[in-house]
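Please keep the coordinates open while reading.

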Amino acid sequence: MKKAKASITLYLALVLVIIMTLICTLVESGRVSAINMKLRGITYMAMDSMFSGYARELFDEYGVMFMWTGEEDFLTEFDEYVEDNLNTTGLGITRKADLYGMAHVSSEIQEIKWATDDGGELFGEQVSEYMKYYLIENAAEKILENTGIFEQGGKVSEFMEKIRSYKDVFERVENAVGEINQFVEQMKKATENPKELLEKMLDYIDKYINTGDPSFTLDYSSYYSKLKSNKIILESYLRTIRDKTEEYYGFVEDAKEAVGELQSQLDEDAAEYEPEIYEIVEEQVEDIRQKSADTDFDYYKVGENENMTYVYEEKISRLDGFFEEVGYTLDKENAESLREGVSKYLEEFSEFNLDDLKLNFEVNEVEKEDDSFLDSINDLFENGILEFVAGEVSEKSVDRSAFPSVTSMQSHSETEESLAEAALDKALFSEYLNSHFGRFTSPKEDTALEYEAEYVLGGKDSDKDNLSTVVTEIVLLRTGCNLISLLKDSKKKAETFELATALVGFTGMPIVVKIVQIVIIAAWALAESMLDARALLRGDKVVTIKGGDDWYLSLEGIKNFSADSASNSDFDKGLTYEDYLRLLFLMQNRQTQYYRTMDMIQADLCLNENQAFRMKDCIAAARISVNYKAGRLFAGIPSAQGGNAYRILIDQQYKY
C-alpha cells in the first residue's frame, strides 16, 4: 500500500509539473506574441511621429509633404520616439510590474527616399494626389482635345520644311529642262530646215535648166555648202540636246529619291493625320512628283523630245548619201541628174520640221518683285522675336548651381500606366503649375523669378531667356496650325502662287514657283504666328485653326511685316496663353518637369524662409530596421539568438 501511495504521489507530482510547464509555455508564447505586436505598434508610432514633422511652409505653399532633415538627425530623433514609446513609468507601471520587459537595442536605416529620387516620381505622385481634390478628371479631355491638331500642325510644318530642304534637287530638274529648251531654241535659230535648203537647190537647178544663166550654178553651190554645214551644226546640236537630256534624267533620279523619301515619311505618319490634312499634304508631294520625278507622266515632254532627236538624226544621216550621189557643181551635163537626186532627197525630207522639237516649257518674263521680306521675317523670328512679341520683360535671374535639376536629376523608367492615366496625371500636374506658380500674364510677388511657369518649360537662368523659349515654342505650335489653315484655303493658296510667280520673275517654271510658294506660305504662317503669340501675351485668345476672317495678317502685310501690319482684330474664341502653357506642359518630359518645379519651390523657399533649404535633403519615404530585446519570464522558449533574452527585429516602412 505504501509503495502504491508513493507511486501515485510521484505520478501526480509529475503531471502537475507537466501541466504547469504547459501553462507557463502557453503564457510565455502569448507574451512573446504580444511583445511582437506591441513592438510593431511602437515602431510604427515612432515612424508616424517622425513623418508628422513635415516642412510646414512647403505644405502650406505647395501642398506637398516632405521632411527636411538629415539621415543622422532622422535616426536620432526616431530613437528618441522609440524610447519614449517604450517608457512605461509615465503610466505608473514600475519596471518590476512590467510583464513585457521590452528594451530598445539599436536602429538602422535600410533605405531613405529623398524628394529628388526616382526621377522626381515621389514628388509627382504627391502633386497628383493633392490636385485630384481640386481638378475634376475630365480636365484631361479639356486639355487634350487640342493636342491632336497641334501635333498634326507640327508634322505639317516639319514636312513642308523637308520639302524645302530638297529645293535644290527639284530645281535642278527644271533648270535641266530649261537648258534643253535653250539648246532646242538655239538650234532652230542657228540652223535651217534641210527641206527648205533642198527646195532652194531644186529651184536653182530648174532656173538654170530653163535659162542657162550661169549665176544660178553659183546659187546652187552656195546652198549645197549651206546644206553641208547645216548638217554638221544640226548633228552637233542634237548630240548636245541628248547629252543634256541624259543630265536631266540623272537629276530626275535624284528627284525620285527625294520624292520617295517624302512619300515614305508621309505614309509612316499617315495614321497621325486627319484624312483631309493628309490629302492636302499628299497633294503637294504629288504635284512635285509629276513635274520633277515622273518620267511616264513626262510633264515637260522631254521623253518625246528625245525620241524626236533620234528620228531627226537618222534622217540627217541620210544626207551623207546625198552628198555622195549629188555633186557640188551644177553644169549642163549633170543638171538633170542633179535635179533627179535633189528631188529624191527632198521627198524624204518632205515632213521634216524642226518645230516638232518642242518642250512643254514656255517661260515668260514678268515684273519681278523684291523677296527680301522673306529673310526679314525669318531674321525677326530668330533674333528679335521676344522684343517684338512681349516688349519689356523681367530682368530677374537666378543661380541654378544648387537647383535639384542640376545637382540631383536622375533618369528613371516611368511606371507602366494607361494612356488615359498618363494624360490625367500630366493634366493634373499642368494645372498645379498654372495655379501655384507665376507666369508672364500673371506674375506672383516675392518669387525668385517672375515667370516661374516659363522656367519649368525653359530651364534657363533668367526670366528673359525662359520667356523667349516659351514664345518660340508657341510660335512653332501656331505656325503648324496656320500652315494647315493656309493649305486648306484655296483663295490664299492662289494669292501665294501669284506672288511666287512675281518673286521668280517668270511664268512657266512650275517647280521653282512651287518651291517659292511653299516658302511664302511658311513665311506667312510664321509671321501670323508671331502676331498670335503677341496677342496671347496681351491676354487675347487665338483660334486653333483659323478661317478667312480670323487672320491678323494679309499677304500684302507680310511684304512690310511689323507689329503695325496686323489688323485690329479682337477675338473672343480660341485658346489663352495659359491654355498654351498647359499644352506645352503636356508635351514636356515628365521628369524634367518635376525637377524644374522643385527648382522653383526651392528658390522661393530659400528667398522667403530659409536660405539653406534644399529639396534634395527632403525625405519622402524611409525603411528602418529596429532591434529590440525582451527578457524571458514564464518559460525559456528556445530562440535562434540564444541567451537569457529574446531578440526581436522589426522592419518598418513609411511614405508620404
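The second largest pocket is lined by 16 residues, and nearest its centre lie Glu473, Leu476, Leu477, Leu584 and Met587. Here a pocket is an open set of points on a 1 Å grid over the protein atoms alone, where a 1.4 Å probe fits, with protein on both sides within 12 Å along at least five of seven lines; a lining residue has an atom within 4 Å of a point. The model is a predicted one: local features need pLDDT of at least 70, side-chain atom pairs count only at pLDDT 80 or more, and totals for chains, interfaces and linings use all residues. Residues are numbered from 1 along each chain as its sequence is written, and side-chain values use heavy atoms, with hydrogens and water left out.

The volume of this second largest pocket is about 370 Å³, taken as the space filled by probe spheres set on the points, which are joined across faces, edges and corners. Helices α6 (147-165), α19 (463-488) and α22 (577-587) each supply at least two lining residues; the largest share, 6 residues, comes from α6. Helices are DSSP runs (H or I, at least four residues), numbered from the N terminus. By class, the lining has 7 nonpolar, 4 polar and 5 charged residues. Ala, Val, Leu, Ile, Met, Phe, Trp, Tyr, Cys and Pro count as nonpolar, Asp, Glu, Lys and Arg as charged, and the others, Gly among them, as polar.

Next, the cores. A nonpolar core is a set of buried Ala, Val, Leu, Ile, Met, Phe, Trp, Tyr and Cys residues joined through side-chain atoms within 4.5 Å, where buried means under 20% relative accessible area (1.4 Å probe, protein chains only). The largest such core has 165 residues, and Leu58, Phe170, Phe322, Leu467 and Met530 have the most contacts inside it. Helix α21 (residues 510-537) gives the largest share of this core, 20 residues. Apart from it lies another core of 27 residues, including Phe74 and Tyr646.

Phe170 is in contact (heavy atoms within 4.5 Å) with residues beyond four places in sequence, among them Ile163, Leu262, Ser292 and Ile515. In helix α7 (residues 167-190) is Ala176, which counts as buried at 6% relative accessibility. Outside four places in sequence, Ala176 is in contact with Tyr248 and Phe251.

Finally, the structure holds 0 disulfides, a disulfide being a pair of cysteine sulfur atoms within 2.5 Å. For Cys606, the nearest cysteine sulfur, that of Cys618, is 10 Å away. Cys606 counts as buried at 17% relative accessibility, and Cys481 is buried at 0%.

Key
Buried means under 20% relative accessible area, exposed over 50%, partly exposed in between (1.4 Å probe, protein chains only).
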